[in-house]
Amino acid sequence: MCGIIGYVGKKTAAPILIDSLKKLEYRGYDSAGICVLNDSLQLQTYKTTGKIADLELVLPRNVGGTIGIGHTRWATHGQPNTENSHPHLSGDIAVVHNGIIENYLEIKEKLIECGYVFKSETDTEVIAHLLHSHLYSNNSGVNSCNSGSQSKKCDLMTAVQGTLRALEGSYAIAVLCSSEPDVMIIARKDSPLVVGIGNGEIFAASDVTAFLKNTTNVVYVDDNEIGLIRGGNVEFFDTDGNKVIKETTTIEWDIEAAEKAGYEHFMLKEIHEQASSVYDTFAGKISELDGTVNLDELNLSDEQIRHLTRIEIIACGTSWNAGLLGKYLFAQLADIHTDVDTGSEFRYGYPVMCGEVLTIAITQSGETADTLAAVRSAKSYGCRAIAITNVVGSTITREIDSVLYTRAGPEIGVAATKSFTAQLITLYMLALHFGRVRGKISAEDSKNLLVALKNIPADIQKILNKKSIIQKCARQFANSSDYFFIGRHLNYPIALEGALKLKEISYIHAEGYAAGELKHGPLALLINKTPVVAIATKGHTYDKILSNIKEVKARDAVVIAVADEDDTEIEKYVDVVLRVPRSHVLLSPILSSVVLQLLAYYTALERGCSIDKPRNLAKSVTVE
Ligand code: F6R
């Protein structure tokens, strides 16, 4: 789970690499490094633990060279320290890598037998030495990593091809070799890699945000492809050396969209963006006049939709919480039974996939390893699979039958916010569409729901306008050691998501429960003044949640209710009320989730936490 960058051009590489790594820091930030080929054709490597700002401190001024690679790390093999940080070197070769080499121990043993000396505990270092062993015929004396006396047996490209054939696992790599000073080689398998085509310069990175300020013309590298970058050009080959013709796409996000726009944190910016991002998600897809949703990109005929017997949702984390809400929507609006599995459970869970099952993968990044593996497994049963994702060109989009893009724009804060509400909106549209096709929801009911959906951006804005009330509440309970979130039916996934947000950015222990489950155990945990957030917007379970609120109040807990703006009854039973505009009963969870995002944000702010980059977490979990 790391970010890689490569630059080949006419400008000085080091500042470009540093700048790009800062954009990639969300992918990992425990150590970082760069390697450039200087004007005397020597590899110069600078590494450090910590963030990119720490790397800048160890970087001498005027590091020359116009070709270089860089890496920001989130440790998987070996501690976050300087030795383990990338780039890894073997003689005249330098490599950066994102992914996991599963058979690295086996390869390492063989390389050690050949005389290679390992300096790190990483799986990546085997790539560097293996490449070296493919490139040079005389492997003795490599301990000194001095390839000067050795004769080359092939060119770098051939050595990379040979190396990749031996690797099992996932990788996106960028390779430099001082004996082929004008060349950089990149390759991918199961880890994201994208190439930016600039004016006489080429970038290769884990994510377009790394180079977006330099170019918007990109080529997405697919699995088992190798790119040869030289002299402002890039050519692609498969692992057997056959040329592959690739399409160049123009990215429409501008760099402004990927920066903080004046907010203290990306997370706060992204919470605010929801007033418009949810609109982008449904724009052009809904018609409240006739109560229809247009999802042509699904490529599912009405016949196929009518014959569905089950939906299987696969997702992780926040996306899983969105999936759980989807389950309730598919039941209520379309009369389809849905199971919701985490990627990591589904892939090892012997699923029963008979009947007309539609698999829906929900993933903001489109790169989550467990989700990808689970979807591959689901597809192996022959069922149709679609993805709900935010990242155009991500791995999932290339492996799936059809894609619904959430169009939330780049999300940099590690804690998912706008991508979650965009996933919810997409699920509402999908369930409504299925419900209409299957004749389970009337045109009238559908129109009402769509009219309310169109109001959601304005409703979110109203919440944002009154965020100081939420901030005050967050301050009041910021020193709590535990928090509970409860909800019923559609508000249950929102309770789970509220708890997840709070724990990941404020480090307060938080639990989300189906409110009816409290008495089956968790009530024992409630002690005097434990804050319990009850999502208590109006709906068919409103009276039930009121009973649950009374239950917890009787144990001296403090209750913070999320309730409709016109609900005057709730005030009698709770300590604090956080209001949401009155909306359609089915849609209020979207609004409640924004309230809970702000509650988590301001709690973390009060506690001085690293909000955009919480400890131990990374934005995109591309390893199992
Ligand atoms: C929480 C969060 C994670 C992700 C999870 C799945 O705020 O962001 O729980 O939701 O890692 O990521 P995607 O949606 O990219 O598959």
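**Stop 1: Q364**

Select Q364 and show what surrounds it in this predicted model. Leaving aside neighbours within four places in sequence, Q364 is in contact with S319, T389, N390, V391, E411, S419, Q423 and K619. Is Q364 buried or exposed? Its relative accessible area is 12%, so Q364 is buried. Now trace the chain on either side. Q364 sits in the loop between β20 (357-363) and α10 (369-380).

**Stop 2: helix α10**

Move on to α10. Its twelve residues should span 16 Å at 1.5 Å a residue. The end C-alpha atoms are 17 Å apart, which agrees with that figure.

Colour the helix by burial. Nine of the twelve residues of α10 are buried, so the helix is mostly covered, with under 20% relative accessible area as the cut-off. Among the buried ones are A369, D370, T371, L372 and A373. The list also includes A374, V375, S377 and A378.

What covers these residues? Select β18 (310-315), α9 (343-346), β20 and β21 (384-389): the cover includes these elements. Then look just past the helix. G382 follows α10, and its phi is positive, near 90°.

**Stop 3: the sheet with β20**

Show β18, β19, β20, β21 and β22 together. These five strands form an open sheet. Read across it in the order β19-β18-β20-β21-β22; the pairing is parallel. Which strands stand at the edges? They are β19 (337-342) and β22 (402-405). Each has a single partner strand, so one side of each is left without a neighbour in the sheet. From one strand to the next, the twist averages 20°.

Zoom in on β21 and β22. Four bridges join these two strands, which run parallel. Pick A387 and look across to β22: V403 stands opposite.

**Stop 4: two cysteines**

Select C354 and C383. A search of the whole structure finds zero disulfides. C354 is in no disulfide; the nearest cysteine sulfur, that of C383, is 11 Å away. A disulfide here needs the sulfur atoms within 2.5 Å.

Compare their surroundings. C354 has 57% relative accessibility and so counts as exposed. C383 is buried, with a relative accessible area of 9%.

**Stop 5: L432 in helix α11**

Go to L432, in helix α11 (residues 418-437). L432 counts as buried, at 1% relative accessibility. Not counting residues up to four places away in sequence, L432 touches V293, L333, I441, S446, L449 and L450.

**Stop 6: a second sheet**

Select β23 to β27. Here too, five strands form an open sheet. The order is β24-β23-β25-β26-β27, and the pairing is parallel. β24 (509-514) and β27 (576-580) are the edge strands, and each pairs on one side only. Neighbouring strands of this sheet are turned by 20° against each other on average, direction ignored.

Take β23 (residues 482-487) and β25 (residues 531-535). Three bridges join them, and the two strands run parallel. Click F485, then find its bridge partner in β25, V533.

Now show helix α13 (residues 467-477). This helix lies across β23, β25, β26 (558-564) and β27. Against β27, α13 runs at about 150°.

**Stop 7: helix α16**

Select residues 588-606, helix α16. How far does α16 reach from its first C-alpha to its last? The 19 residues reach 27 Å, close to the 27 Å expected at 1.5 Å a residue. The helix is mostly covered: 17 of its 19 residues are buried. G608 follows α16, with a positive phi near 65°.

**Last stop: confidence**

Colour the whole model by pLDDT. The protein averages 93, and 96% of the residues score at least 70. Then select residues 139-145, where the pLDDT is below 50. Beyond near neighbours in sequence, this stretch has 16 contacts in the model. Where pLDDT is low, predicted coordinates should not be read in detail.

How values were computed:
Residues numbered from 1 in each chain as written. Predicted model: local features only at pLDDT ≥ 70, side-chain atom pairs only at ≥ 80, totals over all residues. Heavy atoms only, no water. Pairing = 2+ DSSP bridges. Axes fitted to C-alpha atoms, helices over the stretch in contact; angles between N-to-C directions. Contact = heavy atoms within 4.5 Å. Expected span 1.5 Å × (residues − 1). Buried < 20%, exposed > 50% of the residue type's maximum accessible area, 1.4 Å probe, protein only. pLDDT = per-residue confidence, 0-100.
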